[in-house]
Amino acid sequence: MAKAIPSRSENYSEWYNELIKKADLAENSAVRGCMVIKPYGFSIWEKMQRALDDMFKETGHSNAYFPLFIPKSFLSKEASHVEGFAKECAVVTHYRLKNAEDGSGVIVDPEAKLEEELIVRPTSETVIWSTYKNWIQSYRDLPLLINQWANVVRWEMRTRIFLRTTEFLWQEGHTAHATSEEAQAETQQMLDVYATFAEEWMAVPVIKGAKTANERFAGAEDTLCIEAMMQDGKALQAGTSHFLGQNFAKAFDVQFLNKQNQLDYVWGTSWGVSTRLMGALIMAHSDDDGLVLPPKLAPIQVVIVPIYRTEEQLEQLTAKLKPLIQELKKAGISVKYDDSDANKPGWKFAEYELRGVPVRLAMGGRDLENGTVEIARRDLKTKETVSFDGLTERIKALLDDIQQTIYAKARTFRQDNTFRVDTFEQFQEQIEKGGFLMAHWDGTSETEEAIKEATKATIRCIPFDQEVEEGVCVYSGKPSKGRVVFARAY
């Protein structure tokens, strides 16, 4: 196969990079640290967007759009927020170029300096809360449930396509509520939405939990997250939901008259997922032959390849297959009929396998005579010859089975690579092999930082389903009431 990719076991990082390239998902751009998402990759992101957007709207949220540029003074209003993002901010200082006098090209016009520098948004809390001040006066204006689909810029020094890029695409929800209880319920609800999407659409099992104070979003009172395991045993944070308390409301003076006719500050949340989910999708399921896509997110769910020797035979095959194609489309299944003569069937089979198309149908002259078709599934790499009759229902059932099988495989992998460790010696030995380590922690930031320094492992989350279990911290030996999830992470 001309588009062979490296083995995961030999070089996981190179496998990931080459798979993105060979499957035509994305590539590095001329701007360092940025990416070009190519049509096939973007079509997967579009399916993610549609599914998530529907889920947001079902929970009462509306989409809006806010400026790309944020006045520098806005970031100064919430101290912990600016501290969290200061080192990643791209800053606009001038608004005009001019031709250099020596004819060497264009230069920044020194006379066009902005009165106040503008930050290219790393996240939108500040500019959105400055706007909410104008939108909220009374409890009748609450809750305010807003989402935006946008791009953000965080000046990363070490980048990797989809996982960590200087510019990336995401959605960010920002909501305002009359009470702390309502805001906390919203924070939990949106985390549950993310978990449902990850498991039911991406077929990626996740652990839901809370971040430690060290790992919390800058400016939040509490951060909830979903954590997924990749095939190299590393963790990937797949989504976060933040309870902001009244921090941003106080920073931007967003007050409302409550039902008792008293002024109070609103309570806020923010939550988001990004094109990092593309990286999770690739790394959680794919193999040495290419992408393995869950049917719900595959741009092409079924590809049909006619195998013919003459134009007359192609016409006969097309006549037979055309009604099936129409039936599949009516059933909401995306299908591609590849009757091109540019490449041979074997090349096509390998190409669609590389691109992760869940189901492939092939039909030749003998199949035409026998009323059969060859059907192959990408996830298990199995194929069988079946009757042409009742094929639409069979394919629908097969796509459902593939979705469930991919999820079950990923869940089994996570279970097999989750380990309970009770000593720091065990911890150090196991972390080198990868996986999730369930270990006792004494609850202090000092111990958390010491473990990170010694092993490069972080506490991914304090799981919601944490068992109450008396023990001693794996590092300090101090008392602990339960195990948390440690792992090395992307």
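User: How much of residues 27-294 is helix and how much is strand?
Analyst: In this predicted model, the chain over residues 27-294 is 29% helix and 32% strand.

User: What does UniProt say about residues 27-294?
Analyst: An unreviewed UniProt entry annotates residues 27-294 as "domain: Aminoacyl-transfer RNA synthetases class-II family profile".

User: And the protein as a whole, how many helices and strands?
Analyst: The protein has 14 helices and 27 strands. Its C-alpha trace spans about 80 × 70 × 55 Å along the principal axes. Of the 490 residues, 53% are buried.

User: Switching to charges. How many salt bridges are there?
Analyst: The structure holds 29 salt bridges. One of them joins the side chains of E18 and K22, with N to O at 3.3 Å.

User: Where do E18 and K22 sit relative to each other?
Analyst: Both are in helix 1, which covers residues 12-22. They are separated by about one helical turn, because they are four residues apart in that helix.

User: What does E117 pair with?
Analyst: E117 forms a salt bridge with K72, and the closest N and O atoms are 3.3 Å apart. E117 belongs to strand 8 (residues 113-120) and K72 to helix 3 (residues 72-75), so this bridge ties together parts that are 45 residues apart in sequence.

User: Which residue does K481 bridge to?
Analyst: K481 bridges to E470, with the closest N and O atoms 3.7 Å apart. K481 is in the loop between strand 26 (479-480) and strand 27 (483-487), while E470 is in the loop between strand 24 (458-463) and strand 25 (471-472), so the pair ties together parts 11 residues apart in sequence.

User: Are those two buried or exposed?
Analyst: K481 and E470 are both exposed.

User: Which residues gather in the patch of negative charge?
Analyst: The patch is on the surface and consists of E311, E312, E315, D339 and D341.

User: Where is E315, and why does E315 count as exposed?
Analyst: E315 lies in helix 9, residues 311-330. E315 counts as exposed because its relative accessibility is 56%, and the exposed class starts over 50%.

Methods:
Residues numbered from 1 in each chain as written. Heavy atoms only, no water. Patch = residues over 30% accessible without salt bridge, like charges linked within 9 Å, V, L, I, M, F, W, Y side chains within 5 Å. Areas by Shrake-Rupley, 256 points an atom, 1.4 Å probe, with all protein chains shown as cover. Salt bridge = Lys/Arg side-chain N within 4 Å of Asp/Glu carboxyl O. Lys, Arg positive; Asp, Glu negative; His and termini not counted. Charge placed at Lys NZ, Arg CZ, Asp CG, Glu CD. Helix = DSSP H or I, 4+ residues; strand = E, 2+ residues; numbered from the N terminus. Buried < 20%, exposed > 50% of the residue type's maximum accessible area, 1.4 Å probe, protein only. UniProt positions renumbered as here; feature names shortened; annotations may be inferred.
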